[in-house]
Amino acid sequence: MGEVTILKIGKNLIVPIQIELHDQSARKLQRDILNYIEKTGAQGLLIDVSAVSIIDSFLGRLLVETAKMAKLMGTETVLVGMKKEVVLTLIHLGLTMKNLHTALNIEDGLALLKSLTGRTYEKNRK
Amino acid sequence: MKKTENNKNPSRAEVWEQEISIYEDIILARQKVKVMMQEMGFSVLAQTRIVTAVSELARNIVIHAGGKGRMSVCEVSKTGKRGGLKCIFEDRGPGIENIEKAMQSGFSTSNSLGLGLSGAKKLCNEFYIESFLGKGTTVTIIEWLP
Amino acid sequence: MASEKKEIAALLSKYQEEILDAWHRQLIVRSNSLMEIIGLTEAKSFTQGILEHFITLFPLAETENDENKSYREIDDLFSDLSGKMTSQNISPSEIAVFIFSMKEAVFPILQKYIDNKDLSGAIISAGRLIDRFAVNTFEIYLNTREKIISEQQRAFMEISVPVVRVWHRIIMIPLIGMLDSERTQLMMEVMLTALEDTQSKVAILDISGIPVVDTLVARHLITAASAAKLMGAECIITGVRSRIAQTLVQLGVDLGDVVTRTTMSDGLQLALELTGQKIGE
């Protein structure tokens, strides 16, 4: 079972999920991401799920939780590239992930992170 | 002189079984169902829906039945000529005390979202559940080709 | 009994011409309009076929199941008949008359040539088989109809959700007519496919063509908006007229975070802002 790579580019962490995660490896990924944030103080977290073909209620919840946890650590999260089939399935399940920032692709996601982290910075200065 | 030309491929129904005991088995179950659905010609959307349901139900066995259960998958057919896929999840867990309550969206005994059973039901064409306290639970789902 | 039935079948076969003539007379009297539409020649080919099958099937035991070859052959004939009649808009009652009038052609022959003691039995068995023919025809007629309806539905569904690429990274979907859950499902699929393919950032759903926006429709729209959001796009709903705004608030519907506008141009303006674009001065 492979590992998910966590990349740091500038102030952001980029996590492209390229393998099918089972529950425990998903939990491990969550721990790894949070540890990485602690270590690096990254301002933004971008999770790319464009290669993920199944998001069930467990993984969905885990992603939402990860974003909440990151937020507590001062890091904004954007989820990018969700497949349309996955979107429709989540909608069917009734899982709309309301409080999660999303973007179509990595490029948009990074732009969104920039505006999100910029905004918090300004707020903090006030 | 009975003619059987009408149903030419009699029971080429491939039955596939697998024990569900640990988290890795969930992934195996998902992959198997996905491959079978691809071969049968289901759309990517249907594959995603059903594999998600399989994931929920297999996880239920791991979490609620202590990993004492198995899944079997087979092709089914109906007089209307369209084929379908049937997955059966059988466990020897504690059983469900109140099925109606367990089927409610948001009900959970394990601090999850409570979307397992109700979610799986929403994701497939047909859903049946049967449970005996102290004996176990059987969930059957069917998805028909359009 | 079986041998008697064979005798009756032979009898019917012998007087085939007479039966057919009587049948045709019945058809002309009882369902003139039908005969006008399909024509006597065509009707004759059907009556002849049905009678021939009747003669073959009659001696068989009634319990003989439908797997029998002759039964399947006559089913083909019936589906031919139903198909023709459905495509010509002939009413089901006329199709029923078509089959049932066979009784009035067959029974007189039985009465004429069969002894009184065997007559009632013969009439009952013959009647039963004709009833069975009628039921089969009806079933096939319904199946044909259902098939046509579902084909039309599919065709309608396909044309019912057009996607317009109004600007770079902005798509627009005009919604027209009823928005039930099935169409919402289709609309979401179409929308998400277009968003994915064009990597558009904004989807404008125009509801000007939806006559009634109630709680259910509102819920469907919210669902569509959350689907767009999950994919990373924004959803703007345009065409919210004063009437709709009134009803929604009165019904207590909360559209939540969904952005709405009255006119398409306002919606487009907002979409351009969201994508950081401007239309030349």
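This is a predicted model: local features need pLDDT of at least 70, side-chain atom pairs count only at pLDDT 80 or more; totals for chains, interfaces and linings use all residues.

Biologist: How many helices and strands does chain B have?

Modeller: Four helices and five strands. Starting at the N terminus, their order in chain B is β-α-α-β-β-α-α-β-β.

Biologist: And what about contacts in chain B between residues at least 6 apart in sequence: what share join residues at least 24 apart?

Modeller: That share is 62%.

Biologist: What does the accessible surface of chain B come to?

Modeller: About 7,800 Å². Carbon and sulfur atoms account for 49% of that surface.

Biologist: Switching to aromatics. How many aromatic pairs over all chains?

Modeller: Five. One is Tyr15(C) with Tyr113(C): the ring centres are 4.0 Å apart and the planes meet at 15 degrees, so this pair is stacked.

Biologist: Why does 15 degrees make the pair stacked?

Modeller: Because planes under 30 degrees apart count as stacked.

Biologist: Where do Tyr15(C) and Tyr113(C) lie?

Modeller: Tyr15(C) is in the loop between α1 (2-14) and α2 (16-30) of chain C. Tyr113(C) belongs to helix α6, residues 92-113 of chain C. The pair therefore ties together parts that are 98 residues apart in sequence.

Biologist: Is Tyr15(C) buried or exposed?

Modeller: Buried, because its relative accessible area is 16% and the cut-off for buried is under 20%. Tyr113(C) has 31% relative accessibility, so Tyr113(C) counts as partly exposed.

Biologist: Which residues form one aromatic cluster with Phe54(C)?

Modeller: Phe58(C) and Phe133(C).

Biologist: Over to chain A. Where does Lys39(A) lie?

Modeller: Over the face of Tyr36(A). The distance from the ring centre is 5.2 Å.

Biologist: Last topic, domains. How is chain C divided?

Modeller: Into domain 1, covering 2-155, and domain 2, covering 164-274.

Biologist: And what separates the centres of domain 1 and domain 2 of chain C?

Modeller: 54 Å, with the centres taken over C-alpha atoms.

Definitions and conventions. Residues are numbered from 1 along each chain as its sequence is written. Chains are lettered from A and ligands numbered from 1 in the order in which they are written. Side-chain values use heavy atoms; hydrogens and water are left out. Rings of Phe, Tyr and Trp (its six-membered ring) pair if their centres lie within 6.5 Å; planes under 30 degrees apart count as stacked, over 60 as edge-to-face and the rest as tilted. Helices (H or I, at least four residues) and strands (E, at least two) are DSSP runs, numbered from the N terminus. Buried means under 20% relative accessible area, exposed over 50%, partly exposed in between (1.4 Å probe, protein chains only). A charge sits over a ring if NZ of Lys or CZ of Arg is within 6 Å of the ring centre and within 35 degrees of the ring normal. Contact means heavy atoms within 4.5 Å. Accessible areas come from the Shrake-Rupley method with a 1.4 Å probe; for residues, only the protein chains shown count as cover. Domain bounds come from an automatic or database domain assignment.
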